Amino acid sequence: MKKNSTASTGIQFYQNQWGTPTHDDQLLFELLTVGTFQVGLGWKMVVNKRDVFLRNFQQMDILKVAAMMPDDVERIMEDPAMIRNPRKINATITNARAIIGIQKEYGSFAAYLWQFVDNQTIEYEYTEASEVPTSSPLSEKVAKELKKKGFKFVGPIVTYMFMKASGLVHDTIIDR
């Protein structure tokens with residue numbers, strides 16, 4: 001019973017957070033991490049792991065995750081509740097390190113990201129759910145720039161979902 005309660009807490013958190021514009025670097029890191037782990041998996045499975053991510057990734061403390069070493073990856077891989085993909089675990093550590101570099105250069109990860117949308121949520125409108133894209137020219141550009149900064153698992157699709165989750169982009173389906 002407790003497991004379902006914890007899982008529902010993760011789903012509730014992300015449902016309440018999804019699409020809400022944020023300038024909180026730690027939350028942005030968490031949302032990016034969820035996107036990283038979601039690659040190839042269902043979103044519900046991944047959001048149910050929020051407590052597991054928080055536990056294994058030092059409450060999403062960017063500095064602490066950036067300082068993780070190979071023995072930390074091994075420890076995380078031993079957690080039976082964790083999505084045990086070493087490439088995704090290492091990508092999370094790499095991404096924390098990349099965020100630190102961006103923070104030094106731009107003051108914050110948020111400032112860096114929000115510059116791509118002129119500091120305002122971009123609103124897209126569609127008449128049918130089937131019209132909503134999985135990526136966009138903007139997500140392709142941002143993904144390319146993130147990769148240049150050293151990020152991993154940030155293709156255009158993951159980046160578009162991350163941009164939607166963090167409120168940089170909002171897709172609306174107009175009722176007819």
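This report covers the model's confidence, aromatic pairs, salt bridges and surface.

## Model and confidence

This is a predicted model, in which local features need pLDDT of at least 70, side-chain atom pairs count only at pLDDT 80 or more, and totals for chains, interfaces and linings use all residues. Residues are numbered from 1 along each chain as its sequence is written, and side-chain values use heavy atoms, with hydrogens and water left out.

Residues 1-7 have pLDDT below 50. Beyond near neighbours in sequence, this stretch has two contacts in the model (heavy atoms within 4.5 Å).

## Aromatic pairs

Rings of Phe, Tyr and Trp (its six-membered ring) pair if their centres lie within 6.5 Å; planes under 30 degrees apart count as stacked, over 60 as edge-to-face and the rest as tilted. By this rule there are six aromatic pairs. One of them joins Phe109 and Phe162. This pair is stacked, at 6.4 Å centre to centre and 15° between the planes. Phe109 lies in helix H8 (residues 109-114) and Phe162 in helix H10 (residues 156-165), so the pair ties together parts that are 53 residues apart in sequence. Helices (H or I, at least four residues) and strands (E, at least two) are DSSP runs, numbered from the N terminus.

Phe109 and Phe162 are both buried. Buried means under 20% relative accessible area, exposed over 50%, partly exposed in between (1.4 Å probe, protein chains only). Elsewhere, Phe37, Phe53 and Phe57 form one aromatic cluster.

## Helix H10

Seven of the ten residues of H10 are buried, so this helix is largely enclosed by the rest of the structure. The buried residues of H10 are Val158, Thr159, Tyr160, Phe162, Met163, Lys164 and Ala165. Just after H10, Gly167 takes a positive phi of about 85°.

## Salt bridges

The structure holds six salt bridges (a side-chain nitrogen of Lys or Arg within 4 Å of a carboxyl oxygen of Asp or Glu). One of them links Glu105 and Lys149, with the closest N and O atoms 2.9 Å apart. Glu105 lies in helix H7 (residues 86-106) and Lys149 in the loop between helix H9 (137-148) and H10, so the pair ties together parts that are 44 residues apart in sequence. Lys149 is partly exposed, with a relative accessible area of 28%.

Other salt bridges sit within a helix. Asp72 pairs with Arg75, and the closest N and O atoms are 3.7 Å apart. These two are three residues apart in helix H6 (residues 70-77), separated by about one helical turn. Asp72 counts as buried because its relative accessibility is 19%. Arg75 is at 34%, so it counts as partly exposed. In H9, Lys148 and Glu145 are also three residues apart. Their side chains meet in a salt bridge at 3.3 Å, N to O. Lys148 is exposed at 60% relative accessibility, while Glu145 is partly exposed at 24%.

## A nonpolar surface patch

Trp18, Ile157 and Met161 form a nonpolar patch on the surface. Patches are made of residues with over 30% relative accessible area and no salt bridge: like charges are joined within 9 Å, nonpolar side chains (Val, Leu, Ile, Met, Phe, Trp, Tyr) within 5 Å. Together the three residues have about 290 Å² of accessible area (Shrake-Rupley method, 1.4 Å probe; for residues, only the protein chains shown count as cover).

Trp18 lies in the loop between helix H1 (2-17) and helix H2 (25-38). At 43% relative accessibility, Trp18 counts as partly exposed.

Technical notes: pLDDT = per-residue confidence, 0-100.
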